[in-house]
Every structure is written in C-alpha cells, then in structure tokens.
Amino acid sequence: LNPKVNSKVEDIEITSIKDVKKGQLVRGYVKSITPSGVFFGLSTSLLGRILFQNVSPYFVQKHSLYEKYLPEGKLLTAKVLGVNRKEKHIELSLLPKDTGMPSVLPESLGLPQYGAEEEKREVDNEEKREKREEPKLKTKKRRGNDESLQEAKPKKRKICPADENDSGIEVYYREEEEDDQEEEAAKKKSKVKKPGEAPRLQVSMGFTWDEDNAMDIPVLDQKEESSESEEEEDMQFKLKKRTKKEKELEKQKEEKELCKVEAALMDPSRQPQSADDFDRLVLGSPNSSILWLQYMAFHLQATEIEKARAVAERALKTISFREEQEKLNVWVALLNLENMYGTEETLMKVFERAVQYNEPLKVFQHLCDIYASSEKYKQAEELYQTMLKRFRQEKSVWLKYASFLLKQGQAEATHRLLERALKALPTKEHVDVISRFAQLEFHSGDTEHAKALFESTLSSYPKRTDVWSIYMDIMIKHGSQKEVRDIFERVIHLSLAPKKMKFFFKRYLDYEKKFGTAESVLAVKRAALEYVETKSSLADT
C-alpha cells in the first residue's frame, strides 16, 4: 500500500489464451480444487487446469490434503504443458522438475512417490488375481477328476481313428496348464476341420463328453460364483480386521497432526498464509489497523482489488469509534488503494466520506501526500490551494505547502508563500513560522536566504534562545567553523539570564572540545570566568 516503493513487475500480463505458450513459466493463484484437478487462475478471465499427477511428485490418496497446502488465492509458479485454443483448455504443471521451484507438498509428510505407488498397485493386483484363480483351479480339478472317473469307459469306445493321440485327459491337462490366451488359441484350432476328420464337440464352459452332464454347467457356475463371493467376503473381513488394528494408529496420527496445527496457530512469529488465517487474527484483535492493512495487502498481491476494498469496509465497521487513529489509518489505506487501482471518481467518493468521519485537516494532508508520492503534482497543487482557503489559520498547512514547493524547486514561490503566511497568521506565530521556513530553506532551498531569515529574526528578537539554539544546530551541520564560532561569540555577549548563559557557555565549550584546540578550549573557559566575575561584582555593588 506504500506507493513510494517501486516494485519491479515480474509477471507478464495475460489477457487471453493467445498470450499463453507451451513451455512458458507463468505465475497465478489457486482458484479451486475439484475431483478433476486444481484450477489455476492466470488472470481474472483465464483459467488453467493442473492434474493431480502434475501437482506434486508424491501420491496423495486424500485430496483434502491439497486444500491444506494449496489454499484458495495462493500465488504459485506453473509451467504450461499444453494449450488447446479451440476449446480454450490450458494444461499446467507444478512439478519441481518443470518449474524449478520446491514441491508444494513438503517431503516431511512421508508420502510415497507416484512410481512406487504404481509398482505397489501392480503387486497387489497380481496377488488378488492369484487368489481369485485358486478356488477356480480347485473346482476344475475336482470336476476333472469326477468326469474322468465317470467317462473313462465311454472314452475308450468313442476314440476317433482320425486323432488317436488326442485324448480328453490330455486336452484337460493342457487347458489347465496354459493361461487364458492359450485356451482361446486351442479353441480356435479345434474349430478348424481337417479333411476326413469327424466334427468335434465344442463347449463354452468346462469339458464334458456326454450331454447328460450338460445340466451340471449352471451348477458349476453357481459354485464358481459362490467361491468368488466367499473370496470377496474374506477380503472384506480381512480389510475390516486390518482397519480395526490400525484404528489406534490412525487416531494417533490425527492427534499428532492436530497438535502440529494448533502449535503453528499458537506461534506468534507465524505469518498468515490464507484469508482464514487473517480472519482469525482480526477476530482476536479487531481494533488493530496493522492487521487489517496486512489483510488488504494480502488480497492486493493476488490482484483481488474488490476483496481488498471489502476488507477495508469491514475494518471501518469493526474498529471501535474510540480508536480514531486506527480508523484514520484504514481510511488512508483505502485512499491509497483508490489512487493506485481506482478512478478519480471513486477516489473522490472515498475522500468525501473520510472527511465526514475524521478530522478534515488530517484527511486533506494525507491525500496531498498521496498525490505527491504518486507524482500527481497538478492534483496536489489544486488541493493545497483549497486547503489554504479552508484552513488559512493553520500554521501546518502553510509549512506543508512550502515543503512541497521547495521539493519541486520553486524557491521564489516559497518566498511569496511566506509573505502570504505572515499576513494570514496571527503575530504570535510569526517568529516560529519564519524559523520553520528558514529550516526548510536550509534543507531543500537557498542556504543564503535561510541565513538571512535567521539573522533578521534574531536581530528583531535577540532574546529568543530557542531560535538561537536552532540556528546553532543548523550551522554546525551546514556551516563553517568560523561561522559557528561567530554565532557563539555573539550569544555569550548577550544580556541573558544566568541559567541561559550557562547553557550556551556549556554548548560552546563542548563544541571546542570536539572541533577546536586546547587554546580555544582555554579561551572559552576564560570568557566564562570573566562573565561570572562581572556578574558577582555587579551583585556586590
């Protein structure tokens, strides 16, 4: 919110999808997290999507973990993986290998990486497949044994002369040993008829020789289904058993995570990272304007101007009416916001409201400073002229305008302003006003004119020790040693009160000890002794 700070613009302005190119590094903020991925705001009207596998190299089972480490509005750097201009789709990546930035999920979480998780899944799937096939093989063996016993004799009578070596038992064992692909290949081969070969029996399930056993097929299906259902029940039972054992461990993990979150929230040095953090802070200290201003700055960093305005309005409603300075700080921040991001109309509306609810002079002065710091000199000049008419009896207005003119290099305009100020202000303020104008001239204007102002004031008011002290301090910083010693010599020969003379003699002696010689120090001591002797002799008479 400080317009004096000139921050370098790092982000290229993105107004449409034409500004986005593949392989480009862009900065944006987290818009939302959905089951399909993280939506990333590149501008107010343009969104990109980040698949979960491109968010972090670690595998996350619960997507709620992303909401913790990727809060809404968080500013991040992403790489463009692909741009579909027809459908206006942008695919992005937050992986460290793409962006060169640290992973959004810390390594301390102990999460598995994507490659390890896939290998583990393949092993688990292989184990499940083997377990499913075990009961099928058992039923096939039982079925094969029964069929071989029942159909042994018919097999001998029904052997085909065309294929004497191809027995039913051999076919069964071949099918049992080969995998599913080889079974299909064998069935395709069996369908091909050789010349002079009798047609073979084709079955869809199992292997039977006579049609009496065809009625057993549904029964076998039911057995297989029941075995599969039993297997699934066993798996569910094992899962239930495992979860019961791990319940305590999960509870302990959750408690540890809660403890970590609570400790982080209780840490006074922790910086707020999200809007929720700021809401929590302002809830605890509602009258602290610093927290409200930081909250506004948080939204401005994410270019959320409307949210920053809403925070300012909330602050003005929340802060107690007794905390006038805290409220004024928020008003000034809101004026700065409108000056930087709003229009002249919105700025004037806020200014008029601020004048109604605060001391008008302070609001005018703050707006003048805002105009000057943002180099809007014309608006500042007009506002100062309005102030001189409205607050002509206020000394601070004349001095502030003089400082503004001197910074612009308008020395002659400053001299004319001093004459107007002496006419407008009461006589008792003249010495102080001349002294302050002279100080401003020393810092930003003509030093010779400043000396002339001090000399004329001291010649008219020689007993104003405060003006003498200011003149000495300025000449010690900006003048030569000869000029400083001349001022000290003039002061110690004035007819002032002994306490005041003692103060000036002490200052003169300290100056000579620091910048002079031993002889000059002795000279000051002799002058002080002579002053004391003359005063004592006058007292005796």
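Me: In which loop is Glu375 found?

Reply: Glu375 sits in the loop between helix H13 (360-373) and H14. Helices (H or I, at least four residues) and strands (E, at least two) are DSSP runs, numbered from the N terminus. Residues are numbered from 1 along each chain as its sequence is written. This is a predicted model, in which local features need pLDDT of at least 70, side-chain atom pairs count only at pLDDT 80 or more, and totals for chains, interfaces and linings use all residues; side-chain values use heavy atoms, with hydrogens and water left out.

Me: Is Glu375 buried or exposed?

Reply: Buried means under 20% relative accessible area, exposed over 50%, partly exposed in between (1.4 Å probe, protein chains only). Glu375 has 58% relative accessibility, so it counts as exposed. Thr303 is exposed too, with a relative accessible area of 54%.

Me: How is Glu512 placed, buried or exposed?

Reply: Glu512 belongs to helix H21 (residues 498-515). Its relative accessibility is 1%, so Glu512 counts as buried. Contact means heavy atoms within 4.5 Å. Leaving aside neighbours within four places in sequence, Glu512 is in contact with Arg485, Thr517, Ser520, Val521 and Val524. Other buried residues of H21 include Phe504, Phe505, Arg507 and Tyr508.

Me: Which residues of H16 are buried?

Reply: An α-helix has 3.6 residues a turn, so residues three or four places apart point the same way. In H16, Ala413, Thr414, His415, Leu417, Leu418, Ala421 and Ala424 are buried. They pack against helix H14 (377-390), H15, helix H17 (430-444) and H18.

Me: At what angle do H18 and H19 cross?

Reply: Axes are lines fitted to C-alpha atoms, for helices over the stretch in contact, and angles run from 0 to 180 degrees between N-to-C directions. The axes of H18 (residues 447-460) and H19 (residues 465-478) come within 11 Å and cross at roughly 155°. Angles under 35 degrees count as roughly parallel, over 145 as roughly antiparallel, 65 to 115 as roughly perpendicular and the rest as oblique. H18 and H19 are therefore roughly antiparallel. The contact is made by Lys451, Phe454, Glu455, Thr457 and Leu458 of H18 with residues of H19 including Trp468, Tyr471 and Met475.

Me: Which residues of H19 meet H20?

Reply: The axes of H19 and helix H20 (residues 481-492) come within 9 Å and cross at roughly 160°. H19 and H20 are therefore roughly antiparallel. From H19, Trp468, Tyr471, Met472, Met475 and Ile476 meet Glu483, Val484, Ile487, Phe488, Arg490 and Val491 in H20.
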